[in-house]
Every structure is written in C-alpha cells, then in structure tokens.
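The stops below may be selected in order.

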Amino acid sequence: PDQAVRDAVGSINKEAKRAAKIISNLLLFARQRPPERTLTDVNQVVLDALELRRYALRTHQIDLHTDLDPDLPHVLADGSQLQQVILNLVTNAEHALREHEGAKRLTITTRKAGDLLRVTVSDSGPGVPHDLQDRIFNPFFTTKKVGEGTGLGLSISDGIVREHGGHLRLASPPGEGAVFVLELPASVPDEAPQAPESASTLRFMLVAPASPERDDLVERLVAAGHYASCTASPAEALARLSSQAHHAVLIDVRLPSGEGESMFDTLRRRLPRMAERVVFITDDPAADTQRRFFRRAGRPVLRSPQAADVAADLLITEARRT
C-alpha cells in the first residue's frame, strides 16, 4: 500500500498493542493472585529479566553493570512474579535513560543483609523529583509521557513484593538517579516445598537471538502469570533443560550454523520428552531444507514476525497439551 495507508496501519497496530498492554496490566492489578511459593534463585530471576531487555538496553547505548552475590541463598517465592517486578524496574530505568544527556548506566546488585535478601536497581538518570516520590507507588500515577505508561507497573510490583512479605522502596535523593531497593525475607522454613510451579504456572524456554519480537513474546507470557527465560546459546539452553523440565521450548531455526536444528536433534536423543514440547520459529518455513526438517521433526512452526499474543497462545496451548 501507499505510504499514507502504511502510516495509518502502523498507528493502528501501535495503539492496539498499547491498549492490550493497559488491559493486561489492569487484569494483573485486579487479580493480585497469591504467589505460588517455591524455592527460587533470585540471581537467575534477575539474569532472565535482563536477558529480555538486553537488546533494548544495547539499542539505547545503556551500559549494564551487574554485581550478583554468588552465595545468595534461594528464597521461597513465585519466580514468575519476581521476574515481573525486576522487569518493570529495569524497563523504567531504561525509559529514564533513553533521552538522558549524561552517562547512561544501569546497575543491579544482589546481597544478603541479615535476615533480608536485597536486590538494588539503580540508574544514572535524572531521578525522581522530591514532590513526586511519595506518589511513585500509587496506582495510575506515572511520570512518563502520555501514551507511554499506564501508571500500574510500580503499584503492581509493590503489591507483589508485599505478598511475599517484603518491601519495595525508592532509596535515592532527588537529582541523583533512581535507586529502587527490593527486600525479601531470606529465611526459608525447613518444610519449604521443593516442587516446581503449580499447575496453573507454566515454564517456557526461548532459544532465540535478542530482538524486540522475542521480548514482546516473553513479556506477554510473564504478564499471563507464567515463567519464561531466554538464551541465544543452545548449549546453555540444553544445560538448563537438563536440570529443570519446561512445559514448552521455542527454538529459532535462524540461529547460526544450523544450531537450532542440531539442538532439536540433541534434545530428541537426550531428552525425548522435552523434544515433544518444542515449537519452532522461522522466517521462511517453505524453504526446501527447512521444510524437510520440519516434516521430520513433526512439531508446530511459527512464522516470524508473529503477533506476540498469537505466539503466546500457541506456546501456552502446546504447554498444556503436553
């Protein structure tokens, strides 16, 4: 179509996505479901959340620094909900730094402090003005431009942390960047459940290069109350899948040197049950070599780019089917 039509369709698509995100946030805000408590590695939750935003951070030339305590104990928590909190804090920092004229730096640390486990997310941006700090966690309050925020992210995050018996606070003076501190009880009862998530919470692994489409898909899965992690390394994915089963695995066959196809063949040999939970994504499913591979694999295939809601629905359907 001509440019005017393309611009109109682009605007419709952008506003539809924004409306969907608002509704998703409203549903999360209304549900405030009790957390499904399992022993959770908070360092891994942080790394998984950062992997979702790594592409955007790099695009906006934001330097990322992490200082994660290797001896951090596991805590009794809902991993998918904590991932949502970290993702919100990182995304807020990213937005604050996009147009910042000074240094663009995002720092995340984890520490054990007495009976607390502490996650600190700080940025070198303009910070939060003094007259707004008391309202920052209020529902529907936002400092973002019109159309860029719903004002529910920090309120939902605060509710999640409180449900875990913890506290989320802004710990920075005005004009010195924003520092958010998430504190959780570090003690774990002896009878802490060792099982994975409840039947209503699904675990997803995405093996794909960093991209906005991948980030949109994972954010949709997390917003639906599930747990999702990403990696562009088949070797790392295989290691994770060997240590913990997932309900569905998305493999991008566009990985270099046929790594996506070889990963599936390895899964079929080593973890045949996980091979039955694979969904592929590709640019050109009609290509001869890919068509032969997909016929041999016998697994569902997504065409990229796909709408995040369509891709998420397919992954959730496949996860529940298996």
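The tour goes from a pair of helices to a strand residue and then to salt bridges.

This is a predicted model, in which local features need pLDDT of at least 70 and side-chain atom pairs count only at pLDDT 80 or more, while totals for chains, interfaces and linings use all residues. Residues are numbered from 1 along each chain as its sequence is written, and side-chain values use heavy atoms, with hydrogens and water left out.

**Helices α2 and α5**

Select residues 42-59, helix α2, and residues 212-223, helix α5; their axes come within 9 Å and cross at roughly 145 degrees. Axes are lines fitted to C-alpha atoms, for helices over the stretch in contact, and angles run from 0 to 180 degrees between N-to-C directions. Helices (H or I, at least four residues) and strands (E, at least two) are DSSP runs, numbered from the N terminus.

Next, display E51, L52, R53 and Y55 of α2, which meet P212, R214, D215, V218 and E219 of α5; contact means heavy atoms within 4.5 Å. The residues of this contact divide into four nonpolar, no polar and five charged. In this division Ala, Val, Leu, Ile, Met, Phe, Trp, Tyr, Cys and Pro count as nonpolar, Asp, Glu, Lys and Arg as charged, and the others, Gly among them, as polar.

**T40**

Move to T40 in strand β1, residues 38-40. Is T40 buried or exposed? T40 is buried, because its relative accessible area is 7%, and buried means under 20% (exposed is over 50%, partly exposed in between; 1.4 Å probe, protein chains only). A polar atom of the T40 side chain lies 3.1 Å from the backbone oxygen of A77.

**Salt bridges**

A search of the whole structure finds 14 salt bridges, each a side-chain nitrogen of Lys or Arg within 4 Å of a carboxyl oxygen of Asp or Glu.

- Select R53 again, together with E94: they form a salt bridge, the closest N and O atoms being 3.0 Å apart. E94 is in helix α3 (residues 79-98) and R53 in helix α2, 41 residues apart. Both E94 and R53 are buried.
- Select D158 and R162, whose side chains meet in a salt bridge at 3.0 Å, N to O. Both lie in helix α4 (residues 153-163), four residues apart, about one turn of the helix. D158 counts as buried at 10% relative accessibility, whereas R162, at 51%, counts as exposed.
- Finish with R299 and E318, a salt bridge with the closest N and O atoms 3.1 Å apart. Both R299 and E318 are buried.

Key: Polar contact = N/O pair within 3.5 Å; in protein donor to acceptor, adjacent residues only side chain to side chain.
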